[in-house]
Amino acid sequence: MEKSTRVFLEINHMSKGFGGLDVIRDISLSVKEGEVISIIGPSGSGKSTLLRCATMLEKMDGGELSYLGEKAAWQEGGRCVYAGKSKLKEIRKNFGLVFQNFNLFPHYSVMKNITDAPTSVDGVPQKEAKERALSLLSQLGLSDKADAYPYQLSGGQQQRVSIARALALQPKILFFDEPTSALDPELTGEVLKVIKQLAREHMTMIIVTHEMQFARELSDRIIFMEQGVIQAEGTPEEIFASDKERVRAFMGKFQV
């Protein structure tokens, strides 16, 4: 299948600081439909902040952010300006975010965790939201867990529910912020299997990960970040064979 050239996400010259410290500096990247991009790099390199700014959980200090050609934020008069509330609400429908710590509502059943946002945010009828949820639970091997509560699930099951919750909103892009970092190796495999299946279905994904072999197998492109900037970007082959000393030193810590 030929790759689409339609740009789903565009970031230009993004910057963000906290307390006078620059966390990300002058980051630009674009993501096309169906692409899987892994973001790797040492802790504290700005990877999660990049995701939080891209999904508008944090406001950028500078730069531009667009989804499917619609501008969410842009530079004006030396500062970053965001679109109006209703426009941002529409833009937010384009993406879903899966956190490293699941972020499920503990007092909601699995079914309610998945159907809550489609019904309350998108106005999806309850019956349709439930059908969507049941289909996703079946796809993720959790058909028997609809009435369970998060505390009754393993970490791997909780993370799969959080993926189902993100998919229930039918996003065009899925962001994953270190989706396996809170899991032991056995449960990590469960979650990575789901993400690989999504890749086979041509889901557009941006994944912050420390799973090097996974990034190598799955990604169309890998971005290596350090000290708030993109130090290297390319295909898995290019990144894993990089002659950049810093990239090689980082990769050397992982047996791949």
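This is a predicted model: local features need pLDDT of at least 70, side-chain atom pairs count only at pLDDT 80 or more; totals for chains, interfaces and linings use all residues.
**Entry 1: the hairpin**

I began with strand S1 (residues 7-18) and strand S2 (residues 21-32). They run antiparallel, and eight bridges join them. Then I went to the turn: S1 and S2 make a hairpin with two residues between them. Gly19 sits in that turn and has a positive phi of about 55 degrees.

**Entry 2: strand S3**

Next I asked myself how many residues of S3 (residues 36-40) are buried. I got five of its five, so I noted the strand as mostly covered, taking buried as under 20% relative accessible area. I then sorted the residues by side. In a regular strand the side chains alternate between the two faces of the sheet. On one side of S3 I have Val36, Ser38 and Ile40, and on the other Ile37 and Ile39. Both faces are covered.

Which strands pair with S3? I found strand S9 (residues 204-208), parallel to S3 over four bridges. Strand S10 (residues 221-226) also pairs with S3 in the parallel sense, over four bridges. Ile39 has Val208 of S9 as its bridge partner, and Ile37 stands opposite Arg221 in S10.

**Entry 3: helices H3 and H4**

I moved on to a helix pair. Two packed helices are described by the angle between their axes and the distance between the axes. For H3 (residues 110-120) and H4 (residues 126-139), the axes come within 9 Å and cross at roughly 130 degrees. That angle is why I call H3 and H4 oblique to each other. The crossing of H3 past H4 is right-handed.

I listed who makes the contact. From H3 I have Val110, Met111, Ile114, Thr115, Pro118 and Thr119. From H4 I have Gln126, Ala129, Lys130, Arg132, Ala133, Leu134 and Leu137. Sorted by class, the contact of H3 with H4 has eight nonpolar, three polar and two charged residues.

**Entry 4: Arg132**

I came back to Arg132, which lies in helix H4. Is Arg132 buried or exposed? Its relative accessible area is 16%, which is under 20%, so I put Arg132 down as buried. Leaving out residues up to four places away in sequence, I found that Arg132 touches Pro118, Val124, Ala168, Leu169 and Gln170. Pro118 was already in my notes as one of the H3 residues in the contact with H4.

Conventions
Residues are numbered from 1 along each chain as its sequence is written. Side-chain values use heavy atoms; hydrogens and water are left out. Buried means under 20% relative accessible area, exposed over 50%, partly exposed in between (1.4 Å probe, protein chains only). Two strands pair if DSSP finds at least two bridges between them. Axes are lines fitted to C-alpha atoms, for helices over the stretch in contact, and angles run from 0 to 180 degrees between N-to-C directions. Angles under 35 degrees count as roughly parallel, over 145 as roughly antiparallel, 65 to 115 as roughly perpendicular and the rest as oblique. A crossing is left-handed if the near helix is turned anticlockwise from the far one by less than a right angle, and right-handed if clockwise. Contact means heavy atoms within 4.5 Å. Ala, Val, Leu, Ile, Met, Phe, Trp, Tyr, Cys and Pro count as nonpolar, Asp, Glu, Lys and Arg as charged, and the others, Gly among them, as polar.
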